[in-house]
Amino acid sequence: MVRRAVYPGTFDPITLGHVDVVMRGLKLVDELVIGVAENPGKGPMFDLDTRLNMVRAVFVAQPRVKVVAFKGLLVDLAHEQQAQAVLRGLRAASDFEYEFQMAAMNRRLDAEIESVFVMAREDYTFVSSRFIREISAMGGDVKALIPEVVIPYLEAANRAN
Ligand code: ADP
């Protein structure tokens, strides 16, 4: 059996915190499917195609990572991808409540799919897509916190605003 997990998120944009979660996840499973959520409700800075392109560019050399767009229910994505688990990252206690609710809801929807959590690396515990967007929009240097391929996308987005 191929052990496979889906890692869903908005990735607006992908950060080194997300990359760290993926690398930890790859220690646990054979294949990881990153599900880039459309999430129009969150009013993302980057459209879905741009977010997909960024995530794909980051993992282009990683054959065990697949990147897909996803719009519906997470448990449906897990089924489609024949995944046994959902991977998420935890930064702080503040992440816990939301993640706990989501895991409980997903378990209700499909008791077969396990939610698995990995802890953020200490130096990325404060890294979130939202802070990356806000700080870079105000001219702050966030280059050390995002994958190199994301830098030109962020610069272009800031120039456009
Ligand atoms: P969502 O809108 O689903 O929360 P995000 O892209 O913000 O999407 O996050 C996706 C997942 O990655 C979440 O489980 C989040 O807790 C985790 N995550 C985000 N940043 C980090 C980080 N710096 N370290 C560990 N996990 C993180």
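Predicted model: local features only at pLDDT ≥ 70, side-chain atom pairs only at ≥ 80, totals over all residues.
User: Is arginine 24 buried, partly exposed or exposed?

Analyst: Residues are numbered from 1 along each chain as its sequence is written, and side-chain values use heavy atoms, with hydrogens and water left out. Buried means under 20% relative accessible area, exposed over 50%, and partly exposed in between (1.4 Å probe, protein chains only). Arginine 24 has 26% relative accessibility, so the class is partly exposed.

User: Which side chain does arginine 24 meet in a salt bridge?

Analyst: A salt bridge here is a side-chain nitrogen of Lys or Arg within 4 Å of a carboxyl oxygen of Asp or Glu. The N to O distance is 2.9 Å, and the partner is aspartate 20.

User: Where do glutamate 99 and arginine 88 lie?

Analyst: These two form a salt bridge, with their closest N and O atoms 2.8 Å apart. Helices (H or I, at least four residues) and strands (E, at least two) are DSSP runs, numbered from the N terminus. The pair ties together parts 11 residues apart in sequence, because glutamate 99 lies in helix 4 (residues 93-109) and arginine 88 in strand 4 (residues 85-90).

User: How many salt bridges are there by this rule?

Analyst: One of them joins glutamate 114 to arginine 107, with the closest N and O atoms 3.8 Å apart. By this rule, the count is nine.
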